[in-house]
Amino acid sequence: MTDMFVSLGTWNWLIFGFIVMALEVLAPGVFLFWLGLAALLVGLISFAVAVSWQIQLVMFAIFAAAAVPVWRRLARPKLDASASPFLNKRSEALLGREFTLEKPIIDGNGTVRLGDTVWRVAGPDTPAGTRVKVVQVDGANLTVAAA
């Protein structure tokens, strides 16, 4: 068993790295890529500096363990809250906007159509076709007033 570790040379690390990276193509998940990259780094360092097999294994373990936080940092999407302030708050984006009533407001309830979505509105009785302004938002219910 020790002979196998002693025989780990530069070429073995490079071949192992390329094989593991090729396996990433067959089983995508970006996990094997980082192990392959760690093996390639060990192989490249072994070309420049003659190190024992024990040091090579330690370097591989360190590089593989260091790849996890690097990968998490690179893979994390960078969301800019100022770019989309109404993300997951679609109804709040309607506050202050004006729309035309699709159905009249009778007994305090009516509807407006916004694109392909129909929203329930509440407000004073108003005939269909009247322009109304959204003055309050409560979940999926909009409170409107005459525009």
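Figure 1. Tryptophan 13 is buried, at 5% relative accessibility (buried means under 20% relative accessible area, exposed over 50%, and partly exposed in between, with a 1.4 Å probe and protein chains only). The model is a predicted one, in which local features need pLDDT of at least 70 and side-chain atom pairs count only at pLDDT 80 or more, while totals for chains, interfaces and linings use all residues. Residues are numbered from 1 along each chain as its sequence is written, and side-chain values use heavy atoms, with hydrogens and water left out. Phenylalanine 16 is partly exposed, at 38% relative accessibility. A search of the whole structure finds five aromatic pairs (rings of Phe, Tyr and Trp, the last by its six-membered ring, pair if their centres lie within 6.5 Å; planes under 30 degrees apart count as stacked, over 60 as edge-to-face and the rest as tilted). One of them joins tryptophan 13 and phenylalanine 16 edge-to-face, at 6.3 Å centre to centre and 75° between the planes. These two residues are three apart in helix H2, so about one helical turn separates them (helices are DSSP runs of H or I with at least four residues, strands are runs of E with at least two, and both are numbered from the N terminus). Trp13, Phe16 and Phe60 form one aromatic cluster.

**Figure 2. The pair of phenylalanine 33 and tryptophan 34.** The rings of phenylalanine 33 and tryptophan 34 are edge-to-face, with 5.1 Å centre to centre and 85° between the planes. Phenylalanine 33 is partly exposed, with a relative accessible area of 31%, whereas tryptophan 34 is buried at 16%.

**Figure 3. A nonpolar patch on the surface.** Trp11, Ile15, Ile19, Leu23, Leu26, Leu44 and Phe47 make up this patch, which has about 780 Å² of accessible area together. Helix H2 (10-26) and helix H3 (31-48) are the elements that give two or more residues to the patch, and H2 gives the most, with five. Tryptophan 11 lies in helix H2 and is exposed, with a relative accessible area of 57%. Patch residues have over 30% relative accessible area and no salt bridge; like charges are joined within 9 Å and nonpolar side chains (Val, Leu, Ile, Met, Phe, Trp, Tyr) within 5 Å. A salt bridge is a side-chain nitrogen of Lys or Arg within 4 Å of a carboxyl oxygen of Asp or Glu. Accessible areas come from the Shrake-Rupley method with a 1.4 Å probe, and for residues only the protein chains shown count as cover.
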